[in-house]
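Dear colleague,

Please find below the structure that I am handing over to you. My notes on it follow directly after.

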Amino acid sequence: MAEEKVGNTKKLDKKFYEKELERLQIELVKLQEWVRHTGMKVVVIFEGRDAAGKGGSIKRITEALNPRVCRVAALPAPTEREKTQWYFQRYVEHLPSAGEIVLFDRSWYNRAGVERVMGFCSDEEYQEFLRSCPEFERMLVRSGITLIKYWFSVSDDEQERRFKDRINRPHKRWKLSPMDLQSRTRWVEYSKAKDAMFVHTDIPEAPWYVVDGEVKKRARLNVISHLLSLVEYEDLTPEPIELPERQADTGYVRPPLDSINFVPDKY
């Protein structure tokens, strides 16, 4: 199946990666300023296999951007109240206003993936999602939202390696949820669910783009470069800024140092 195909596994040179990432992040800032200036509304959806590199790519995209312009929507499990709402309702409130970019770290496609595989929704709810999702997305596009959808692909072997790495590193263990572990035992079921989802939701107005996530750094550069290519923007970089002189300390007396609580200097 498509997501099991192993692509380019060659590692990237660290210096090249860092230099290229910086160049692309500068372009992301230009894109951000264009979105803010023109009042564009941009939604980018990140879906895919667990540990396929979605989070790392989102982090590199937002790293240099203004959080008031570019924000991440990573919704928790729905509350009891939200479960009674129209399925798309809780996602709608996170859609961008004019001049905003919203990155969905998982999205309404939970219904076509984890909810379908784990039995968290009925067959009727699942079939209704497949019918209504394309119409919902067409409606978003007609309203003026630029909608971009990425699916991160990773091989079985590489996912296993990353899971083990998370298990063995205390600062990464939080990334492994019981649901992630379940995804390992239901690999084929998730593959079938993804294939069915693509059949129904890979529409001309909002097509799916598959990201080869086998090498994290390569995937990050590829997805940022591709994202930049999908949105036409102009360089609104301001003229060079001159730092003004600091105000003179005429008559100002600082409070005594022993009246201030300093953070201990341990390092």
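This is a predicted model: local features need pLDDT of at least 70, side-chain atom pairs count only at pLDDT 80 or more; totals for chains, interfaces and linings use all residues.

Residues are numbered from 1 along each chain as its sequence is written, and side-chain values use heavy atoms, with hydrogens and water left out.

The protein has 10 helices and 5 strands (DSSP runs numbered from the N terminus, helices being H or I of at least four residues and strands E of at least two). Its C-alpha trace spans about 75 × 45 × 45 Å along the principal axes. Of its 267 residues, 41% are buried (under 20% relative accessible area, with a 1.4 Å probe and protein chains only). Among contacts (heavy atoms within 4.5 Å) with a separation of 6 or more, 80% join residues 24 or more positions apart.

Helix H2 covers residues 54-62 and includes Lys 54. The buried residues of H2 are Lys 54, Gly 56, Ser 57, Ile 58 and Ile 61. Their cover includes helices H1 (14-38) and H10, together with strands S1 (41-48), S2 (70-73), S3 (100-105) and S4 (145-153).

Lys 54 is buried but has no salt bridge (a side-chain nitrogen of Lys or Arg within 4 Å of a carboxyl oxygen of Asp or Glu). The nearest side chain of opposite charge is that of Asp 50, 4.9 Å away (Lys and Arg count as positive, Asp and Glu as negative; His and the chain ends are not counted). Setting aside neighbours within four places in sequence, Lys 54 contacts Phe 46, Glu 47, Gly 48, Arg 49, Arg 106 and Phe 152.

The axes of H2 and H10 (residues 216-230) come within 9 Å and cross at roughly 55° (lines fitted to C-alpha atoms over the stretch in contact, with angles from 0 to 180 degrees between N-to-C directions). Gly 56, Ser 57, Arg 60 and Ile 61 of H2 make the contact with Arg 220, Val 223, Ile 224 and Leu 227 of H10.

Helices H6 (residues 123-142) and H9 (residues 187-201) pack at about 40°, with axes 9 Å apart; they are therefore oblique to each other. Here Tyr 126, Leu 130, Cys 133, Pro 134 and Glu 137 of H6 meet Ala 196, His 200 and Thr 201 of H9.

With kind regards

Definitions and conventions:
Buried means under 20% relative accessible area, exposed over 50%, partly exposed in between (1.4 Å probe, protein chains only). Angles under 35 degrees count as roughly parallel, over 145 as roughly antiparallel, 65 to 115 as roughly perpendicular and the rest as oblique.
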